[in-house]
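Here is a briefing on one protein model. It covers the overall fold, the nonpolar cores and the charged pairs.

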Amino acid sequence: MKKKILSNTYLNEAQKYQIKFYLDEEDKYIIVKKLIKLSKPFIIKNNVIAMDDGYYVIEFIPKNKNYALRLFLNDKKEVIEYYFDIIKESGIDKELKIPYFIDLYLDITIQKNGEINILDEEELNNALKNKDITKEDYKLVIKVKEQLLKEIKEKQNDLINLDYMKYLTDL
């Protein structure tokens, strides 16, 4: 399992960026990153550019759920991809005072065209086999995956339905 500090995620290629934290939301942490200059574009499935100069990444971490959502937006603030990480826990790192989550390997993406993908199932199975996660962790991942897929298909996920534009006004 990896602890992901949100001030560091998805910034490897970023040479210049702005970041804004919303830590006082009642039920979630929100981190907005405006990518000003990248060394190279970040390309995902079907040669779609997910990150480039002028693009945005918004990360939502519900305080009481076992997933986080990363929203990739182009320079016109249009959704490119929804990317869910299934997580063990989240919170504010005591030393850095920045949100984090403990990643449980399995991810779900939703492409602009509505295509849903489940990623890293082999990595999850290997983590269980190698005892990097417990059987309870594994069961949690499967339960969260099934619930998320149901919410996505029924268009009932709170984060997907959230008005993200209000978090982009200051960047």
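The points below run from the overall fold to single residues.

This is a predicted model: local features need pLDDT of at least 70, side-chain atom pairs count only at pLDDT 80 or more, and totals for chains, interfaces and linings use all residues. Residues are numbered from 1 along each chain as its sequence is written, and side-chain values use heavy atoms, leaving out hydrogens and water.

**Overall fold**

- The protein has two helices and 10 strands. Helices (H or I, at least four residues) and strands (E, at least two) are DSSP runs, numbered from the N terminus.
- In sequence order the pattern is β-β-β-β-β-β-β-β-β-β-α-α.
- The C-alpha trace spans about 40 × 40 × 30 Å along its principal axes.
- The radius of gyration is 16 Å, which agrees with the value near 16 Å for a compact globule of 171 residues. The radius is taken over C-alpha atoms, and the globule rule is 2.2 Å times the number of residues to the power 0.38.
- Of the 171 residues, 47% count as buried. Buried means under 20% relative accessible area, exposed over 50%, and partly exposed in between (1.4 Å probe, protein chains only).
- Residues 24 or more positions apart make up 51% of the contacts with a separation of 6 or more. Contact means heavy atoms within 4.5 Å.

**Nonpolar cores**

- The largest nonpolar core has 32 residues; V32, I58, F60, L71, L73, F84 and Y164 touch the most other members. Such a core is a set of buried Ala, Val, Leu, Ile, Met, Phe, Trp, Tyr and Cys residues joined through side-chain atoms within 4.5 Å.
- At least two residues of this core come from each of β3, β6, β7, β8, β9, α1 and α2.
- Another core, of 12 residues, lies apart from it; L11, Y55, F72 and Y83 are among its members.
- I58 sits in strand β6. I58 has a relative accessible area of 0%, so it is buried.
- Beyond four places in sequence, I58 touches residues including V32, L71, L73 and Y164.
- Beyond four places in sequence, L71 is in contact with residues including I58, F60, E81 and Y164.

**Salt bridges**

- The whole structure holds 12 salt bridges. Each is a side-chain nitrogen of Lys or Arg within 4 Å of a carboxyl oxygen of Asp or Glu.
- D93 and K3 pair at 2.7 Å, N to O. D93 is in the loop between β8 and β9 and K3 is in strand β1, 90 residues apart.
- D93 is buried at 10% relative accessibility, whereas K3 is partly exposed at 45%.
- D103 and K4 pair at 3.1 Å. D103 lies in β9 and K4 in β1, so this pair ties together parts 99 residues apart in sequence.
- E59 and R70 pair at 3.2 Å. E59 is buried at 2% relative accessibility, and R70 is buried at 1%.
- A network of salt bridges links K33, E59, R70 and D85.

**A buried charge without a salt bridge**

- E81 is in strand β8. E81 is buried and has no salt bridge; R70, the nearest side chain of opposite charge, is 7.3 Å away. Lys and Arg count as positive, Asp and Glu as negative; His and the chain ends are not counted.
- The E81 side chain makes a polar contact with the Q111 side chain at 2.7 Å. A polar contact is a pair of N or O atoms within 3.5 Å; within protein, one must be able to donate a hydrogen and the other to accept it, and residues adjacent in sequence count only if both atoms are side-chain atoms.
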